[in-house]
Amino acid sequence: MKKVNLADAFASFSEHWSPRIAGEVNDSHVKLVKLKGEFVWHHHEAEDELFLVVSGRMLMRFRGHDVWVEPGEFIVVPRGVEHMPVAPEECAVLLLEPKTTLNTGNVTNERTVADPARL
């Protein structure tokens, strides 16, 4: 049992779109990721995802509408819903998602992180 200081944890890496595992809760990972720019349109067949914005702001794009998520706010993307995170400036996000979740969902490309590093 150890505590995680979010400021220190986010300061320990600089890469964008490369999630780090910061902890585990039951069958889920608590991941930290820095976003900047646009990700890819994707969905997750079997997993819901929670995005909690720690700093910066994130635009979650959905087919048909967009949602701005500000610091201290979170959004849950249900399984099967196509989405694309966008961060005009660097944004720090805590993710809560099942351990089986691949960051790019149904898409495999250069941003796919099959085995995230642990902090």
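A residue is called buried when its relative accessible area is under 20%, exposed when that area is over 50%, and partly exposed in between. The legends below describe close-up views of a predicted model.

**Figure 1. Trp41 in the loop between β2 and β3.** Trp41 belongs to the loop that links β2 with β3. Its relative accessible area is 21%, and therefore Trp41 counts as partly exposed. When neighbours within four places in sequence are set aside, the contacts of Trp41 are Arg61, Phe62, Arg63, Glu82, His83, Met84 and Val107. Trp41 and Thr104 stand 63 residues apart in sequence, yet their C-alpha atoms are 8.3 Å apart in space.

Figure 2. Leu94 is a residue of strand β7. Is Leu94 buried or exposed? Leu94 is buried, because its relative accessible area is 15% and the limit for a buried residue is under 20%. Without counting residues up to four places away in sequence, Leu94 touches Leu6, Phe10, Val30, Lys31, Leu32, Leu50, Phe51, Leu52 and Val54. From Leu94 to Ile21 the C-alpha distance is 9.8 Å, although 73 residues separate the two in sequence.

**Figure 3. Leu6 in helix α1.** Helix α1 covers residues 6-11 and includes Leu6. Leu6 has a relative accessible area of 31% and is therefore partly exposed. Beyond its neighbours within four places in sequence, Leu6 is in contact with Leu32, Val54 and Leu94. Leu6 and Ala22 are 16 residues apart along the chain, and 9.2 Å separates their C-alpha atoms.

**Figure 4. Strand β1 and its two partners.** Strand β1 (residues 20-25) runs antiparallel to β2, and five bridges join the two. Within this pairing, Arg20 stands opposite Leu32 of β2. The hairpin of β1 and β2 has two residues between its strands, and Asn26 there takes a positive phi near 50°. The pairing of β1 with strand β8 (residues 117-118) is in the parallel sense and comprises two bridges. Here Ile21 faces Arg118 of β8 as its opposite residue.

Figure 5. Strand β4 (residues 58-62) is mostly covered, with four of its five residues buried. Which strand does β4 join through five bridges? That partner is strand β5 (residues 65-69), and the two run antiparallel. Phe62 stands opposite His65 of β5. Two residues lie between the strands in the hairpin of β4 and β5, where Gly64 takes a positive phi near 105°. β4 also pairs with β7, again in the antiparallel sense, over four bridges. In that pairing, Leu59 has Val86 of β7 as its bridge partner.

**Figure 6. The largest nonpolar core.** In soluble globular proteins, nonpolar side chains tend to be buried together. In this model the largest nonpolar core holds 20 residues, and those that touch the most other members are Leu35, Phe51, Met58, Met60, Ile75, Cys91 and Val93. At least two residues of this core come from each of β2, β3, β4, β6 (74-77) and β7. Which strand supplies the largest share of this core? It is β7, with six residues. Ile75, leaving aside neighbours within four places in sequence, is in contact with Glu49, Leu50, Phe51, Met58, Met60, Phe62, Val67 and Val69. Another core, of eight residues, lies apart from the largest one, and its members include Ala9, Phe10, Val30 and Ala92.

Figure 7. Rolling a probe the size of a water molecule over the atoms shows where empty space is left. The model has one cavity of 30 Å³ or more. About 120 Å³ of space lies in the largest cavity. The residues that line the largest cavity are Trp17, Pro19, Val33, Leu35, Phe39, His42, Glu49, Phe51, Pro85, Leu95, Glu97 and Asn103. Two or more lining residues come from each of β2 (28-38), β3 (49-55) and β7 (83-98). Among the elements, β7 gives the most to this lining, with three residues. By type, the lining divides into eight nonpolar, two polar and two charged residues.

Conventions. Residues numbered from 1 in each chain as written. Predicted model: local features only at pLDDT ≥ 70, side-chain atom pairs only at ≥ 80, totals over all residues. Heavy atoms only, no water. 1 Å grid on protein atoms, 1.4 Å probe; cavity = no way out; pocket = protein on both sides within 12 Å on 5 of 7 lines; lining within 4 Å. Points joined across faces, edges and corners; volume = space filled by probe spheres on them. Nonpolar A, V, L, I, M, F, W, Y, C, P; charged D, E, K, R; others polar. Buried < 20%, exposed > 50% of the residue type's maximum accessible area, 1.4 Å probe, protein only. Pairing = 2+ DSSP bridges. Core = buried A, V, L, I, M, F, W, Y, C linked by side-chain atoms within 4.5 Å. Contact = heavy atoms within 4.5 Å.
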